[in-house]
Amino acid sequence: MKGGEKFMKSSEKLMFILLVFAALLIFSPAGTAHAEGDPDFDMPLGALPPPPYPVDNPTLKKNVWPSPMGPKQELGYLTFFDPKLSGDQGPSACSDCHNPLQGWGTNEAHSKGYPGTAHWRNSQTIVNNAYLQKLFWGGSSPSLEAQAPSAARAARAGNLERDQGEARLRLAPEYVRRFNEVFGDRWPILQNAWRSIASFERYMSQIDTPFDKYMNGDKSAMSASAIRGLDIFKGKANCFECHNGPMLTDEKFYNLGVKRGEGLDGGEDPDDAMPLVQVNLRWEIYGNKGNSEWIFRSFKDDAGMWFRDKQLSSRGKFRTAPLRFTRFTAPFMHHGQLDSLRAVIDFYDRGGDENEFTKELITPYGDKYPGTKSPIMKKLNLTEEEKKDLENFLLALTADPMVLPTPKLPQFQAMADWMPRK
Ligand code: HEC
Ligand code: HEC
């Protein structure tokens, strides 16, 4: 009867889950605050479960930091740091722009680019990316497996030529051994290098922050100030309207009115402009995207999601940023416009700022498109103490800095010395 008992138990479990779901559906809309202009369902905040793995890139060891890595994650640790997977094998490995000592991103407002270029946006952290459905500031990549090759090959990031990258892996005996062990490859296949990187990124998940512990029932894990901050986050400051769910993002797109990034035109001082950053914006808008000339001539800000769907109602909108690990990822926003968490809080307190796309657009044909600033953005009138509490809550969304050293990378070896014979 053992099997029978087990069946009863799992069917009870299923029933319970169904009931919880039904309860959520029935009671949630009434129980959630809906700000004007965004009458959507807000996912509850919660602790992170271990990261999900897709069926086409499974792993036996679903370990997360800080436990030891499994073999696939370890291979990804190497490929993530290895410049063999970038054009000139120079300073353009993933880890050069996602630096373990700079929150797995970079601390400059604009990321550096492939030698001879400057990236036009702020480099994001790769920590906890396993839980996101939409990657990049504009949400343009659907999975870690799809994102890795696009980063490695982009002209202003890794600038890798595929065949070169694959051949390089094949000329390093340690890679031949590891790819065989992990994927069964006779010779390393580049596609599997991207899978290994994705697996390493899933390993870089932080699920033991004070916030996670608090949500799992340890009420002493967050300070009294951070707990007050959580209330403000959900209530008076209304951050929760967009930053919800365990990753604190609804993965929707908004224009908050963040000002134009200084690198684009220098802001107050034209001398601060970074010509190569501007080159990237011009190229993004026109050079390779086939947009009309009047748009090329009129857009001066980063148009965000508009680059993807070309809907004028999307101009200047960006994916709600996840808030975990932000203790280590300043500066903030898509061009690193805000230096600190406190600066971000002050920004929201004044109801956001203005940019080119918060204003009405009139096309040369006389069509009018309203500004896209989110109506959710309002002055908050937070007191000094409320700001401090909110900041302490944000800090509770990070645990340790997750620093890993640069691994010892596999070395090339000429074929004749080691080629496996039939
Ligand atoms: C030259 C700098 C540079 C290099 C090299 C680089 N990245 Fe990035 N990465 C960035 C920047 C900048 C962004 C944000 C770009 C955007 O949104 O347009 C980004 C975004 C990402 C994101 C999305 C994070 C999020 O929150 O959505 C992931 C994942 C990522 N990179 C992984 C990688 C991997 C894997 C590699 C190596 C194959 C790599 N990057 C190489 C600069 C770089
Ligand atoms: C209307 C939706 C919305 C609301 C309300 C909102 N945010 Fe955001 N948040 C976003 C979006 C979108 C971004 C990315 C914006 C960009 O880069 O232009 C962002 C970015 C951030 C960042 C920067 C993260 C990074 O990695 O750069 C922080 C921190 C942040 N928000 C905290 C807050 C706090 C605290 C509140 C409440 C006071 C709040 N947000 C309210 C949508 C929102």
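This is a predicted model: local features need pLDDT of at least 70, side-chain atom pairs count only at pLDDT 80 or more; totals for chains, interfaces and linings use all residues.
Start with the whole chain. The protein has 15 helices and four strands. It runs to 422 residues, and 40% of them count as buried. Now take the contacts with a sequence separation of 6 or more. Of these, 71% are between residues 24 or more positions apart.

Turn next to ligand 1. Its shell holds 28 residues. The closest are Cys94, Cys97, Phe136, Trp137 and Ala151. By class, the shell splits into 14 nonpolar, eleven polar and three charged residues. Helix H3 (94–97) and helix H4 (144–153) each provide at least two of the shell residues. H4 contributes the most, with five.

H4 also has a buried side. Leu144, Gln147, Ala148, Pro149, Ala151 and Ala152 are its buried residues. They pack against H3 and against helix H7 (190–203).

Ligand 2 has a shell of its own. There, 27 residues surround the ligand. Cys239, Cys242, Ala321, Phe332 and His334 are the closest. This shell consists of 19 nonpolar, seven polar and one charged residues. Its largest share, four residues, comes from helix H14.

H14 leads on to the helix packing. Two packed helices are described by the angle between their axes and the distance between the axes. H14 covers residues 341–349, and it packs with helix H15, residues 384–395. The angle is about 125°, and the axes are 10 Å apart. H14 and H15 are therefore oblique to each other. Their crossing is right-handed.

Which residues of H14 and H15 meet? On the H14 side they are Leu341, Arg342, Ile345 and Asp349. On the H15 side they are Lys387, Leu390, Glu391 and Leu394. The contact between H14 and H15 is made of four nonpolar and four charged residues, with no polar ones.

H15 has another partner, helix H9 (residues 224–234). Here the packing angle is about 100°, with the axes 7 Å apart. That angle makes H9 roughly perpendicular to H15. H9 brings Ser225, Ala226, Arg228, Gly229, Leu230, Ile232 and Phe233 to the contact. H15 answers with Glu386, Lys388, Asp389, Leu390, Asn392 and Phe393. By class, the residues of this H9 contact with H15 are six nonpolar, three polar and four charged. Note Leu390 in H15. It meets H14, and it also meets H9.

Now look at the loops. Two cis peptide bonds deserve a stop. One joins Trp65 and Pro66, with omega about 0°. Pro66 sits in the loop between helix H1 (2–31) and helix H2 (71–81). The other joins Ala330 and Pro331, with omega about -5°. Pro331 is in the loop between strand S2 (318–319) and H14.

The loop between S2 and H14 also holds Met333. Its phi is near 80°, a positive value in a residue other than glycine. Is Met333 buried or exposed? Met333 counts as buried because 20 C-beta neighbours lie inside 10 Å.

Asn381 also has a positive phi without being a glycine, at about 50°. It is in the loop between strand S4 (368–369) and H15. Asn381 is exposed, because it has 11 other C-beta atoms within 10 Å.

Ile295 and Ile285 are ten residues apart in sequence. In space, their C-alpha atoms are 7.9 Å apart.

Note on methods: Residues are numbered from 1 along each chain as its sequence is written. Chains are lettered from A and ligands numbered from 1 in the order in which they are written. Axes are lines fitted to C-alpha atoms, for helices over the stretch in contact, and angles run from 0 to 180 degrees between N-to-C directions. Angles under 35 degrees count as roughly parallel, over 145 as roughly antiparallel, 65 to 115 as roughly perpendicular and the rest as oblique. A crossing is left-handed if the near helix is turned anticlockwise from the far one by less than a right angle, and right-handed if clockwise. Two residues are in contact if their C-beta atoms, placed from the backbone, lie within 7 Å. Ala, Val, Leu, Ile, Met, Phe, Trp, Tyr, Cys and Pro count as nonpolar, Asp, Glu, Lys and Arg as charged, and the others, Gly among them, as polar. A residue is buried if 20 or more other C-beta atoms lie within 10 Å of its own, exposed if 12 or fewer, and partly exposed in between; C-beta atoms are placed from the backbone. A residue is near a molecule or strand if its C-beta atom, placed from the backbone, lies within 6 Å of it.
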